[in-house]
Amino acid sequence: MAIQKIPQVLLKSYLKRFPLDRRLEKYNYFKKFKKQYAWLQPILEEIQGELFPEPEPIVDSQKVVTAIAPLPTAAGVHFGDSPYQRYRCLSGDPLRCDKACGEDEIRLKACNSCGFPTLLPEKAEIRGQLGTYQIEDYIGRRGLGRLYRATQQGMNLPVVIKEYLLPGRYFNAGEARLQKQIFQSVAGVDLADGRSQDLRLLEPLEAIVDDIEERCYLVMDERYLNPTLNSYLTREKMTSLQVRWVLNQGLQTLIFLHGQKFRFPSGQVQDGIAHGNLSLDNLLLVASGADEFVPVEGQKNLDFYLYFCDLAVWEQLFLPLVKPTVKEKYHDLISLGYVAFYLLTGRVITEEGEPLDPRQESHWQGVEPHLKAFILRLMQIEMPFVNAEVARKELLKLPQPEFVSAADVTEEGEVTTSKPQIPVKVLLLGALGLGVIGGLAWLLFGKPQLSNAAKTPQVCCLKDVGAIPPGKFAYTATNQGIWHYILQQRDLIQKGQTLEERLQAAQPKLQLIYEPAESTDEAISKVRNGQAAFAIAPLIHPLPSDLQAQEIAYDGLAVFVSFSYSQREKGLPEQLQGKLTLTQLQQLYGKGVDNWQEFTNSTLPVKTYTPDNKEAMEVFQQKVLPGNEESQSLSLPEFEMMRTVIRDFESAKVGAIGFSSLAKITSQCSVYPLALQTSGKNPVQPLVFKNGKAIEPSTDLCDRKGNYHPDAAAIRSGRYPLGYAIAVIYPRDNNRPAIGEKFATILKTREGQRLLGEMGLVPLE
């Protein structure tokens with residue numbers, strides 16, 4: 001062995017000790033710090049092929065393709081072809097055919113032309129465990145199923161039914177029976193620990209199989225009818241900023257899917273799942289404000305959420321002639337890369353009808369180079385990301401998009417830049433001799449934790465945070481919101497000081513001026529236009545791409561009714577058994593329920609109140625009253641509202657209900673906070689005693705005042721449905737002083753977290 005090859009052998013031997021994902025992480029670490037490890041770069045280039053060999057080809061019935069970065073089918077794009085070619089449908093696709101539904105009011109089970117199972121007729125009933133559903137009308141095809149509008153009888157609840165088929169020319173009776181059993185055991189997932197957390201994954205309400213016919217059904221809520229990315233592309237392509245927003249949300253959901261433990265309906269628990277079916281057809285655009293997401297030209301339209309649906313674990317059961325397989329997580333990154341590619345180009349095929357190929361530069365015309373490079377890595381055409389979490393971190397580090405003029409684009413579609421390309425210099429390591437080899441061996445084998453970034457220990461005290469930017473800075477929060485309230489509270493442990501006074505004493509250089517805003521939107525606007533250095537607000541909506549946030553604590557909305565211990569048997573806490581469902585809450589505030597008799601044995605008339613606090617109203621609107629439905633309730637300042645609620649009960653025999661920040665009701669005993677229940681979950685009481693036991697309607701809140709506090713675990717985990725994070729929001733702009741980031745660091749010290757906890761908020765840990 002030549003002496004100059006020893007460094008290559010040592011480095012290769014070291015990296016091959018690790019599985020592929022850890023090997024890639026360590027390899028990228030050395031590549032990232034080029035200046036620090038400049039002498040390693042030529043070696044890394046040389047051994048890359050041996051560390052990450054090309055994948056073995058997968059043999060298809062039609063052609064040979066590679067396992068890495070396949071062409072558009074990786075993103076699940078349907079080009080209109082029918083998956084059921086054995087049925088010669090006159091329309092070309094029996095899933096879309098609506099001709100053979102029945103004749104003379106006699107239902108046909110199969111089309112009299114091609115033999116494919118017909119559509120479900122109107123008024124047909126499907127019985128499931130949660131109720132009976134009546135078909136209203138046929139909508140069309142999505143993926144491998146047919147969609148219908150339907151109503152859950154008894155509750156008059158609109159739903160969407162997705163019908164899957166197991167046609168006889170592809171599935172014999174035994175195969176159909178097996179697929180039905182599997183479908184019922186895997187169709188739907190929940191977090192294994194029972195938490196309720198919205199990570200933008202649209203889950204089925206229930207799965208139903210037809211015992212007589214070869215049909216299966218998924219019951220979905222109405223969000224399933226939101227436009228898909230595929231339907232968006234029929235109108236226009238997305239801007240770079242919008243695609244970044246799609247990637248950011250998509251990677252967030254993939255981090256959740258790949259990293260959490262899930263329980264299937266069968267009871268089986270799995271540590272992380274791959275979507276396996278990611279495509280333009282099962283990524284939904286759900287408007288965050290308007291009733292419908294409407295594309296707007298320009299780069300400011302980011303007013304949407306991206307929701308996932310149709311996981312492969314159940315969708316692939318109905319794909320004919322294909323044996324269901326376990327999908328790998330890296331396939332999701334590849335598919336998301338193709339989705340982004342199509343959104344940027346505004347199409348999936350060329351003018352000649354050929355699939356777009358990301359390997360051709362002409363198909364990237366006008367795309368900013370940083371975003372292009374990122375997407376190529378997602379597709380694994382360039383150096384792949386280890387996982388979704390690493391990919392998202394790299395996405396957030398990308399430079400802000402700049403306008404690319406036509407003059408900067410060559411005829412081949414390449415974007416020119418002013419930065420010269422620096423060639424990699426070949427270093428002759430052999431001349432360095434055994435000293436370099438020894439140093440390399442020490443680096444690799446003497447420091448096994450080199451690639452693990454050192455964890456910064458949690459800072460103890462307010463005064464320990466250094467490098468405070470000099471100068472006076474204005475910051476903002478919603479007037480009468482939670483931060484406005486926190487600033488007025490006094491620390492009962494140390495001299496009754498306010499939080500502002502404690503901060504000033506610990507950090508004399510910190511000069512902040514509080515300027516309240518009328519709403520969260522106004523507060524965020526002030527940060528963006530430079531009127532405020534940062535804002536403190538609930539983190540309930542996606543932020544504009546030019547802002548970032550750090551969570552500092554949690555709060556929640558408490559929904560309360562009158563608490564009267566002397567009349568507790570007649571009171572609403574006892575009549576409601578201490579709980580209320582979110583659906584009932586929506587009915588009370590959105591539909592004007594007049595009497596509590598609709599929910600209890602009590603005949604008290606209903607009176608609803610809302611707080612004179614725009615921040616609390618914004619949270620309530622977002623979490624309880626979707627569609628910007630306005631309540632006709634009386635608005636009062638929060639503490640006056642609490643007094644009015646108990647006065648209504650004791651003096652006027654009225655069953656009043658209101659809501660407020662949880663931090664503001666913890667130390668009072670005039671109202672009782674109700675446990676809240678979401679569909680299919682247990683009710684969650686937001687207040688617990690020090691031993692973790694929840695308060696009950698029989699609890700004397702006045703006698704036990706000070707012994708109970710917010711259920712931190714329920715609020716942090718998302719089990720309590722009206723919990724939310726409080727965050728410091730500041731610009732993603734290195735040219736502006738980093739006072740927002742520094743203020744968040746101060747509040748996240750152990751002392752800062754203790755202070756926020758004493759004032760009613762839930763600390764981060």
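## Cysteines

In this predicted model, the sulfur of Cys-114 has its closest cysteine sulfur in Cys-111, at 4.0 Å, which is too far for a bond. The cut-off for a disulfide is 2.5 Å between the sulfur atoms. Cys-114 is buried, at 8% relative accessibility. Cys-89 is also classed as buried, with a value of 14%.

The structure holds 1 disulfide. Its partners are Cys-460 and Cys-461, with an S to S distance of 2.4 Å. A disulfide is a covalent bond between the sulfur atoms of two cysteines. The two partners fall into separate accessibility classes: Cys-460 is partly exposed at 31% relative accessibility, whereas Cys-461 has a relative accessible area of 18% and is buried.

## Strand 23 and its partners

Strand 19 (residues 547-562) runs antiparallel to strand 23 and is joined to it by 5 bridges. Within this pairing, Val-559 is found opposite Phe-659 of strand 23.

Strand 23 also pairs with strand 21 (residues 606-611), here in the parallel sense and over 3 bridges. On this side Lys-607 stands opposite Ala-656 of strand 23. Strands of a sheet pair through backbone hydrogen bonds, either parallel or antiparallel.

## Aromatic pairs

There are 24 aromatic pairs in the structure. One of them is formed by Tyr-475 and Tyr-514: the ring centres are 5.4 Å apart and the planes meet at 45°, so the pair is tilted. Tyr-475 belongs to strand 16 (residues 472-477) and Tyr-514 to strand 17 (residues 511-514), so the contact ties together parts that are 39 residues apart in sequence. Tyr-475 is buried, with 3% relative accessibility.

Another pair joins Tyr-589 and Phe-659, with centres 5.7 Å apart and planes at 70°, so this pair is edge-to-face. Tyr-589 lies in helix 16 (residues 582-590) and Phe-659 in strand 23, so the pair links distant parts of the chain, 70 residues apart.

## Aromatic cluster and charges over rings

Tyr-475 and Tyr-514 are both members of an aromatic cluster that also contains Trp-483, Phe-534 and Phe-743. A pair of aromatic rings is described by the distance of the centres and the angle of the planes.

Charged side chains are also placed over ring faces. Arg-142 lies over the face of Tyr-224, at 4.4 Å from the ring centre. Lys-653 is positioned over the face of Phe-649, with a distance of 5.9 Å to the ring centre.

An open sheet of 6 strands is arranged in the order 5-6-7-8-11-10, and its pairing is antiparallel. Strand 5 (125-127) and strand 10 (206-209) are the edge strands, each pairing on one side only. On average, neighbouring strands in the sheet are turned by 35° against each other, direction ignored.

Inside this order, strand 6 (residues 132-142) and strand 7 (residues 145-152) run antiparallel and are joined by 8 bridges. Tyr-138 stands opposite Tyr-148 of strand 7. Helix 4 (residues 173-186) packs on the sheet and touches strand 8 (157-165), strand 10 and strand 11 (215-220). The direction of helix 4 makes about 165° with that of strand 10.

## Lys-5

Lys-5 is located in the segment before helix 1 (6-15). With 37% relative accessibility, Lys-5 is partly exposed. The C-alpha atoms of Lys-5 and Ile-43 are 9.3 Å apart in space, while the two residues are 38 residues apart in sequence.

Conventions:
Residues are numbered from 1 along each chain as its sequence is written. This is a predicted model: local features need pLDDT of at least 70, side-chain atom pairs count only at pLDDT 80 or more; totals for chains, interfaces and linings use all residues. Side-chain values use heavy atoms; hydrogens and water are left out. Buried means under 20% relative accessible area, exposed over 50%, partly exposed in between (1.4 Å probe, protein chains only). Two strands pair if DSSP finds at least two bridges between them. Helices (H or I, at least four residues) and strands (E, at least two) are DSSP runs, numbered from the N terminus. Rings of Phe, Tyr and Trp (its six-membered ring) pair if their centres lie within 6.5 Å; planes under 30 degrees apart count as stacked, over 60 as edge-to-face and the rest as tilted. A charge sits over a ring if NZ of Lys or CZ of Arg is within 6 Å of the ring centre and within 35 degrees of the ring normal. Axes are lines fitted to C-alpha atoms, for helices over the stretch in contact, and angles run from 0 to 180 degrees between N-to-C directions. Contact means heavy atoms within 4.5 Å.
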